[in-house]
Amino acid sequence: LVLGSFQEPRARPIARWQDNLHEAEAAMRAGDLYSARSLYTQTARIASWSDDWIGVLAAACGLKGLEKQRYDYFATRTALVRAMIAAENQRSPAGMNAVADAFAGIGEHNAGAMVRSRIPIDAPAGAQSPEQMQMWNCR
């Protein structure tokens, strides 16, 4: 019998990705691009902990505005992959389509097609609120 070898998993901090997203947007408006990038990245991480594809996608949209093409959208693509995984885990065709559209918005048409190919044929359409529709409009 070995005592002390069992470690409880670390609890993730309870944070709302929406709070970080609002802070990131405020930093963008203030011209603090370094803080905005950090906060968008944190937003994606927090949202992905709970498979919240909307939050991860919102963060990716923010990162897209920061990166432009000069950085080849590295962080944006990373967040979009996380959003795809979260949407797939949630079995959300609306989420998968939104991620596919976001990939197309950065010129990654093959990635967008790959995301759409992962939507099951018999998947329900699913209804989303207008706020959710606004949140994932990255174009």
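This is a predicted model: local features need pLDDT of at least 70, side-chain atom pairs count only at pLDDT 80 or more; totals for chains, interfaces and linings use all residues.
Me: Before we start, what pLDDT do local features need here?
Reply: Residues are numbered from 1 along each chain as its sequence is written. Side-chain values use heavy atoms, leaving out hydrogens and water, while side-chain atom pairs count only at pLDDT 80 or more, totals for chains, interfaces and linings use all residues, and local features need pLDDT of at least 70.

Me: How are α2 and α3 oriented, roughly parallel or roughly antiparallel?
Reply: Helices here are DSSP runs (H or I, at least four residues), numbered from the N terminus. The axes, lines fitted to C-alpha atoms over the stretch in contact, have angles running from 0 to 180 degrees between N-to-C directions. For α2 (residues 33-49) and α3 (residues 53-67), the axes come within 8 Å and cross at roughly 160°. That makes the pair roughly antiparallel (angles over 145 degrees).

Me: Which residues of α3 does α2 meet?
Reply: Contact means heavy atoms within 4.5 Å. From α2, the residues involved are L33, A36, R37, Y40, T41, T43, A44, A47 and S48. On α3 they meet G55, V56, A59, G62, L63, L66 and E67.

Me: And what is the handedness of the α4 and α5 crossing, left-handed or right-handed?
Reply: The axes of α4 (residues 74-89) and α5 (residues 93-105) come within 8 Å and cross at roughly 165°. A crossing counts as left-handed if the near helix is turned anticlockwise from the far one by less than a right angle, and right-handed if clockwise. For α4 passing α5, it's left-handed.

Notes: Helices (H or I, at least four residues) and strands (E, at least two) are DSSP runs, numbered from the N terminus. Angles under 35 degrees count as roughly parallel, over 145 as roughly antiparallel, 65 to 115 as roughly perpendicular and the rest as oblique.
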